[in-house]
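The paragraphs below lead through an assembly chain by chain, and then turn to the places where its chains meet. Please keep the structure in view while reading.

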Amino acid sequence: MKMLDTIPIRPAPSPAANAPALLREIAAALDALLLSGRRHCIDLGSLPLSTADRDLLRETLGTGEIRMELVALGSSRIEETGVPGVWWVRHSSEDGILLTESLEICHVPEIVPADTTDIANGLQRLRQALALRESGGH
Amino acid sequence: MDETILDAFRQNGLSRRAFLKFCAATASLLALPPAAAAAMAEKLASTPRPTVIYLSYQECTGCLESMTRSFSPTIEHLMFNSISLAFNDTLQAAAGEAAEAARKEAMRKAWGKYILIVDGAVPMGAGGAYCVAAGQSAVDDLRHAAQGAAAIIAVGTCAAFGGVPYAAPNPTGAVPVSEVIRDRPIINVSGCPPIPEVMTGVVVYYLSFGMPALDRQGRPLTFYGNTIHDRCYRRPFYDEGRFAHTFDDEGARNGWCLYELGCKGPVTYNACATLKWNQGTSFPIQSGHGCLGCSEPDFWDKGGFYRPLPAATGHWPRGEVLGGAALGGTVVGVGAAALARSRQQAAAAKSAKEVSSPSPKEDSHEH
Amino acid sequence: MTGTDTQFPLELNQPRLSIQKPEPRYDKQGEMADTERLDRAMRGFVKDFGATAALYMESCVHCGQCAEVCQYYVQTGDPKYTPIWKLEPFKQAYKRETGPFAPFFRLFNLKRRVTVRELEEWQELIYDSCTQCGRCTMVCPMGIDIASLVGLARHGMAAAGLVPHELWATVERAKREGSPLGATPAVLKDRIAWLEDEHSVEIPLDRSQADVLMTISSIEVMKYPQSIVALARIMKRMGASWTFRSDGYEATNFSMFAGDQQGQREASLKLIEAAIAVGASVLILPECGHAYQALRWQGANLYGKPLPFRVLQIAEYLAEGIRQGKLQLQPVQSSVTFHDPCQIVRRGGATEAPREVLRALGVELREMDAHGAYNWCCGGGGGVVTIHRADPLRYKTYQIKMQQVEDTGAEMLVSTCSNCRQTFDDGQAHFHWDKTAQSLLELVADHLVTEQE
Amino acid sequence: MSTETDLLDFARGPALEAALIILVFGIFWRLVGVLALRRPRDLSEPRVRHAWLGGVRTIFTRMWPRREFRPRILHWEMVSYVFHIGLAVVILGLVPHILLIRDITGLSWPGLPTGVITFAAGVALISLLALLAHRATHPVLRRISNFDDYFSWLLVFTPLLTGLMAYYHLGGRYEDLLAMHMLSAELLLAWLPFSKLAHTVLFLFSRGVTGTIYSRRGAQI
């Protein structure tokens with residue numbers, strides 16, 4: 001009887017089929033961003049991307065200047081690619097599982113700027129802390 | 001109870017960023033266009049956290065087991081942030097009369113507004129006696145609970161289409177929820193079990209956008225809009241005519257199409273091929289086994305899991321039946337020929353008589 | 001003349017060219033109710049239906065290819081001349097009466113009964129526009145032998161008295177006088193005596209014993225007597241023991257054309273019995289296509305047992321003689337094209353014999369574009385040449401043949417069927433054509449190596 | 001429980017069984033009903049021995065028209081050939097079809113890529129349309145065509161069309177289209193023995209018989 005791990009399993013070959021179309025979509029979205037300021041988002045999870053597709057995307061877009069890490073409900077990585085205005089966004093869960101991966105074409109991804117309510121809440125917390133410090137500092 | 005979902009997030013110490021991330025992940029899961037994440041965020045930010053009642057009848061708890069393994073949105077997020085799970089036999093701490101009392105209280109408070117999740121088929125046989133809890137039969141319980149529900153989500157193939165209990169010979173007279181309740185919107189989330197993210201995703205979708213678009217089987221098109229076959233990574237092999245003929249042949253090792261081994265992918269609507277299972281790890285076909293068609297009605301009774309789709313479903317004895325047809329045809333053919341021959345003989349005899357006594361008119365010809 | 005329509009008198013002795021556009025008409029023989037006529041037609045048609053004919057009737061896929069090779073359709077473009085359409089009422093009758101689903105069709109009346117009107121209308125299609133040449137058989141992708149089915153259809157038509165007058169009259173005369181053209185035994189004796197005198201040849205008649213029974217077409221007796229002389233000279237040269245018999249000489253069988261089976265059988269039996277009476281080992285059929293069909297291939301079946309002698313068409317006999325060195329021939333210094341008589345070649349299988357003879361004559365044989373089994377019919381077969389009203393149609397089809405012959409550029413046109421020859425002569429006169437069809441037999445007789453050598 | 005999958009189950013189960021029974025029953029009825037008619041022995045002296053060999057040969061030689069006939073018939077013969085080959089490729093090359101045949105008969109062979117099948121089906125459909133147009137316009141074909149011709153055409157056309165539609169999910173859901181496809185093909189099978197479509201079997205016999213008769217006479221056939 002053959003051991004299971006001796007059965008040779010070869011993965012099916014998968015050429016880069018979708019990346020070229022994606023790159024053209026990105027170019028068009030950048031055009032639109034420059035002209036009208038419209039932001040665009042491409043959900044990479046909804047497309048069948050092979051390893052070759054990913055490699056081609058990575059290679060073509062390159063690495064940019066900004067790399068951010070967001071820690072909320074697990075970690076998220078927000079990286080600008082070598083093409084300014086194109087952001088590679090990866091959200092992971094608390095267990096480190098990739099939830100969604102997208103390319104955002106915008107000046108800054110929407111999730112980055114601090115929200116007014118959150119700022120207000122933070123300000124409130126800051127004031128409380130200050131008050132506590134002033135009252136209890138001595 | 002008018003606390004919104006965003007409020008719930010904040011109360012749990014989460015920022016709007018986390019909320020946006022939740023929405024983005026969920027929209028991606030639901031295969032909504034990226035712009036819908038923003039719409040969802042807006043809607044959920046203002047939607048009151050709904051009450052959910054989860055009832056279990058003839059089922060195996062496989063669906064709930066599956067649901068608790070959802071990674072996006074996680075069941076924890078659902079329970080703590082998005083919904084108020086007021087009753088679930090298995091998950092709640094309370095038991096017995098305390099549990100029943102809690103349920104009654106929750107239903108009374110949210111009467112007409114709560115979401116009812118039903119898991120399992122409903123036995124109708126013997127007056128519903130095959131499934132009784134707290135002195136009430138499943139069918140009566142369901143009828144009552146449904147009256148106060150804004151919508152019903154039938155989770156699992158048993159609740160949606162009858163599933164295992166409904167399979168022939170169906171000794172308990174089991175029926176799907178849709179045969180008991182006809183006056184409430186029902187979303188069928190079929191599968192044995194359904195994909196965890198599909199179950200949680202449907203709940204979030206319902207909260208964000210209301211009733212989803214359904215197919216004819218009452219399933220959300222978002223998850224059940226395509227067949228496994230159409231989204232299968234092995235589909236190119238089908239198109240090239242490359243098939244595994246046995247589970248251990250060259251084709252199977254090469255990962256070729258499992259159609260010949262009985263894969264029901266072409267007629268099975270589900271999201272297995274795209275969402276996959278166990279946090280996107282794999283799905284049956286990727287693991288080398290054909291699709292059983294578990295999200296389709298009557299999948300137990302379709303002629304066999306390993307019979308190829310185009311094969312006849314009936315298990316009639318081919319040789320005997322067709323041989324009999326050939327024999328019958330031969331007998332009828334011989335009969336028809338015998339009849340024709342006897343008519344020919346009669347015609348020949350009559351014509352011979354005419355020739356032997358020629359008609360005077362023909363005879364009297366002169367030039 | 002009871003039994004035929006007096007409105008259209010028969011003019012059998014008129015020269016053929018005097019016939020001007022005849023009125024379209026349906027001929028009927030005998031007085032009987034339509035139902036009786038129909039009953040007879042169906043019985044006559046159905047009673048001979050065997051598995052083969054039934055198979056053909058079942059197999060047609062209505063592809064229409066038969067029309068494209070039929071001279072009548074090709075020359076007129078009229079779809080009613082589609083060969084399989086000529087059988088339509090009979091196909092319908094078959095499906096209703098004999099086919100495997102016949103009881104079903106009768107029960108639900110899915111195939112309605114054929115009417116006498118239809119049969120009358122189809123008379124032209126069954127007789128006037130089909131020479132039973134069998135070209136359609138050669139193209140049919142299902143291999144349906146339409147020509148043989150037309151023969152069966154004619155059985156029904158004849159039984160119902162729905163035969164064109166001239167053909168019917170020809171048959172009647174053949175039955176009454178022993179010959180369709182008046183070559184009675186007495187006339188035959190006279191002719192032979194006169195020919196013996198005139199040409200100083202010996203023509204044996206009514207010998208009691210002979211190896212070879214020679215038969216004759218009355219067309220030859222009446223129109224081409226030189227053929228008989230040619231025959232006598234060749235037989236003498238070959239040193240054969242042969243004879244004509246006044247009790248069995250007429251090789252033509254117009255009853256077969258008309259569909260009169262009784263008559264066909266009687267005519268064949270005369271020949272068979274005469275051959276047996278003289279103890280012949282060979283019965284030779286003259287240059288006549290349908291005689292070959294009637295006796296060579298249908299004779300034994302009508303007789304009921306295999307014939308105790310061989311049946312050869314004269315060209316086959318000549319070819320044998322040449323092969324055995326009994327005939328030496330002088331070369332013919334001319335280019336020749338050969339017209340294949342349908343019943344001898346396409347439907348008879350004697351394709352090579354006449355060509356063998358032509359080769360022995362050293363001619364330059366220029367085959368027509370379609371020859372052998374794919375030959376175009378002269379247009380006179382199947383009894384069509386007897387039907388006066390069919391003449392305009394026949395001339396149209398004859399044009400194909402003329403063109404074919406012209407295209408070869410051959411100096412001489414040879415055939416081995418007096419019925420074809422008669423058709424050629426008639427067509428030649430009609431179109432003032434410069435080509436005369438020659439008899440292969442006469443050509444051989446004219447080129448025998450002279451006695452001294 | 002749901003009608004749409006019931007339809008597919010019906011097509012795969014009872015309908016298929018019924019169609020096959022009718023097909024086999026009908027073909028035997030028709031063939032035996034014909035072959036059991038009188039078959040008198042031909043008593044004439046054959047020119048050629050073993051004429052049946054000629055019959056077998058004719059089954060093949062009659063597949064292509066003789067040179068003499070080609071100018072007038074070859075073009076439509078080719079269209080007809082294109083249709084027949086296309087149909088054969090679709091019926092015998094598509095893996096689901098092979099699996100069905102294997103399920104019924106136990107016979108199996110390798111399939112063809114679906115691209116080839118789609119192309120063949122498209123070609124078959126187009127040639128069928130052309131043949132219909134030809135039948136509806138050519139005077140000879142108009143004259144000799146009957147209900148059988150047009151209905152049989154429809155019954156051949158429908159499974160091809162529904163098959164393509166099912167494959168490409170055009171105009172409905174796959175299982176509905178598949179059910180329609182199977183039902184239409186089953187209707188075709190059940191109709192076959194009683195119609196001109198029986199030429200699929202009859203051609204062997206009618207060609208063979210004519211080939212035998214004329215080979216026996218030594219004629220070219």
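This is a predicted model: local features need pLDDT of at least 70, side-chain atom pairs count only at pLDDT 80 or more; totals for chains, interfaces and linings use all residues.

Two residues are taken to be in contact if their C-beta atoms, placed from the backbone, lie within 7 Å. C:Arg233 belongs to helix H13 of chain C, which spans residues 226–237. Once its neighbours within four places in sequence are left aside, C:Arg233 is in contact with C:Val201, C:Ala445 and C:Leu448. C:Glu202 stands 31 residues from C:Arg233 in sequence, while the C-alpha atoms of the two are 8.1 Å apart in space. Is C:Arg233 buried, exposed or partly exposed? Burial requires 20 or more other C-beta atoms within 10 Å, and exposure 12 or fewer; C:Arg233 has 19 within that distance and is therefore partly exposed.

Chain B is built from 18 helices and nine strands. Its radius of gyration is 31 Å, whereas a compact globule of 367 residues would have one near 21 Å. Along the principal axes, the C-alpha atoms of chain B fill a box of roughly 125 × 50 × 45 Å. Of the 367 residues in this chain, 51% count as buried. Among the contacts of chain B that join residues at least 6 apart in sequence, 72% link residues at least 24 apart.

Chain A has three helices and five strands, and these follow one another along the sequence in the pattern α-β-α-β-β-β-β-α. Buried residues account for 20% of the 138 residues of chain A. Of the contacts in chain A with a separation of 6 or more, 44% involve residues 24 or more positions apart.

The largest nonpolar core comprises 326 residues, and the members that touch the most others are B:Leu116, B:Leu142, B:Ala154 and C:Val357. The element that gives the most to this core is helix H2 of chain D, residues 14–35, with 15 residues. Around B:Leu142, with neighbours within four places in sequence set aside, the contacts are B:Leu55, B:Val118, B:Val122, B:Val177, B:Val180 and B:Ile181.

Chain D can now be followed to its two partners. Where chain D meets chain B, the contact takes 39 residues from chain D and 41 from chain B. On the chain D side, at least two residues each come from helix H1 (3–12), H2, helix H5 (95–105), helix H6 (114–137) and helix H9 (174–191). H2(D) provides the largest share of that side, 15 residues. By class, the side of chain D that touches chain B consists of 22 nonpolar, nine polar and eight charged residues.

Where chain D meets chain C, the contact draws 45 residues from chain D and 48 residues from chain C. Here H2, helix H4 (70–93), helix H7 (139–144) and helix H10 (199–216) of chain D each supply at least two residues of the chain D side. Which helix gives the largest share of the side of chain D that touches chain C? That share, nine residues, comes from H10(D). The side of chain D that touches chain C has 19 nonpolar, 11 polar and 15 charged residues.

Conventions. Residues are numbered from 1 along each chain as its sequence is written. Chains are lettered from A and ligands numbered from 1 in the order in which they are written. Helices (H or I, at least four residues) and strands (E, at least two) are DSSP runs, numbered from the N terminus. The radius of gyration is taken over C-alpha atoms; the globule rule is 2.2 Å times the number of residues to the power 0.38. A nonpolar core is a set of buried Ala, Val, Leu, Ile, Met, Phe, Trp, Tyr and Cys residues joined through C-beta atoms within 7 Å. Ala, Val, Leu, Ile, Met, Phe, Trp, Tyr, Cys and Pro count as nonpolar, Asp, Glu, Lys and Arg as charged, and the others, Gly among them, as polar.
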